[in-house]
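Colleague: I am new to this structure and would like to learn how to read it. Could we go through it feature by feature?

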Amino acid sequence: MSVFDRPIVMLDFETTGLSPDMGDRITEVAALRIVGGEIRERYVSLVNCGVRIPSFITQLTGITQSMVDSAPSAGRVVPELLDFIGGDILSAHNASFDEKFLKAEGWRIGRPTAHAGLVCSLKLSRRLFPGLPSYKLGNLSSQLGIAFRGTAHRAEADAEVAAEVLLHAARHLGRTHGLERVAPGLLVSVNKVAAAKVPVFLDKYIKLERQRMEEARAAA
């Protein structure tokens with residue numbers, strides 16, 4: 001089933017901490033390209049940034065110092081990652097976190113990011129599924145009936161379940177409002193609307209979309 005009308009890339013980083021401004025770096029990345037309604041391509045790698053892995057990060061993720069010491073360098077991984085993302089719309093769960101690390105790592109090598117927009121699957125879920133007890137990825141996926149098939153707090157497993165959450169949200173949006181396919185740009189816009197105003201925003205969007213389709217048919 002086709003869901004999106006253009007590709008969207010789901011990104012997840014594991015990192016040494018919470019802030020690149022405080023010197024924290026990436027330790028693992030997964031970028032999954034969703035085409036239509038399924039994951040078609042993926043870029044996954046551990047990353048050697050030449051930094052020490054705090055013990056609490058190893059306890060949380062299972063990523064050890066020896067694993068990153070033998071991994072490809074950030075100088076190799078980051079350009080490959082930016083090439084993989086290209087100009088597609090980017091998504092992540094708690095997306096501002098992953099985007100700030102992506103921008104920081106790009107800045108280190110003199111490469112600006114080029115993604116066309118940003119969709120936060122956490123914010124989107126809050127707007128489309130209000131009233132759930134938790135929007136943390138593991139809890140949210142369970143509440144939506146989405147199985148976690150890998151190890152939590154590893155980049156590929158987290159990115160895969162976040163991609164399923166995003167697809168679930170897009171299908172829900174399409175069914176609820178009669179959309180055959182969902183424009184990733186619509187999700188970007190919904191993210192920016194206050195939760196209380198989302199129903200009104202979507203009503204206006206659907207009316208304009210139907211008007212556009214009728215005008216296109218009349219002109220054909």
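Colleague: Is E156 buried, partly exposed or exposed?

Modeller: This is a predicted model, so the answer is a computed value. Buried means under 20% relative accessible area and exposed means over 50%, with partly exposed in between. E156 has 28% relative accessibility, so E156 counts as partly exposed.

Colleague: With which residue does E156 form a salt bridge?

Modeller: The idea is to look for a side-chain nitrogen of Lys or Arg within 4 Å of a carboxyl oxygen of Asp or Glu. For E156 the partner is R42, with the closest N and O atoms 2.6 Å apart. This pair links distant parts of the chain, since E156 belongs to helix α7 and R42 to strand β3, 114 residues apart. R42, at 39% relative accessibility, is partly exposed as well.

Colleague: How many salt bridges are there in the whole structure?

Modeller: A search finds 12. One of them joins the side chains of E105 and R25, at 2.8 Å from N to O. E105 and R25 are both buried.

Colleague: How far apart in helix α4 are K103 and E99?

Modeller: They are 4 residues apart, which means a separation of about one helical turn. K103 and E99 form a salt bridge too, and their closest N and O atoms are 3.9 Å apart. K103 counts as partly exposed because its relative accessibility is 43%, whereas E99, at 16%, counts as buried.

Colleague: Which residues are linked in a network of salt bridges?

Modeller: R6, R33, E41 and D88 are linked in this way.

Colleague: How many bridges join strand β1 to strand β2?

Modeller: There are 8, between β1 (residues 8-15) and β2 (residues 26-35), and the two strands run antiparallel. To find a place in this pairing, look at D12, which stands opposite A30 in β2.

Colleague: At roughly what angle do the axes of α5 and α7 cross?

Modeller: For a helix pair, read the approach and the angle, then the handedness, then the residues that meet. The axes of α5 (residues 121-128) and α7 (residues 155-177) come within 10 Å and cross at roughly 35 degrees. The crossing is left-handed. From α5, the residues S121, L124, S125 and L128 meet A162, V165, L166, A169, H172 and L173 of α7. By class, this contact has 7 nonpolar, 3 polar and no charged residues.

How values were computed:
Residues are numbered from 1 along each chain as its sequence is written. This is a predicted model: local features need pLDDT of at least 70, side-chain atom pairs count only at pLDDT 80 or more; totals for chains, interfaces and linings use all residues. Side-chain values use heavy atoms; hydrogens and water are left out. Axes are lines fitted to C-alpha atoms, for helices over the stretch in contact, and angles run from 0 to 180 degrees between N-to-C directions. A crossing is left-handed if the near helix is turned anticlockwise from the far one by less than a right angle, and right-handed if clockwise. Contact means heavy atoms within 4.5 Å. Ala, Val, Leu, Ile, Met, Phe, Trp, Tyr, Cys and Pro count as nonpolar, Asp, Glu, Lys and Arg as charged, and the others, Gly among them, as polar. Two strands pair if DSSP finds at least two bridges between them. Buried means under 20% relative accessible area, exposed over 50%, partly exposed in between (1.4 Å probe, protein chains only).
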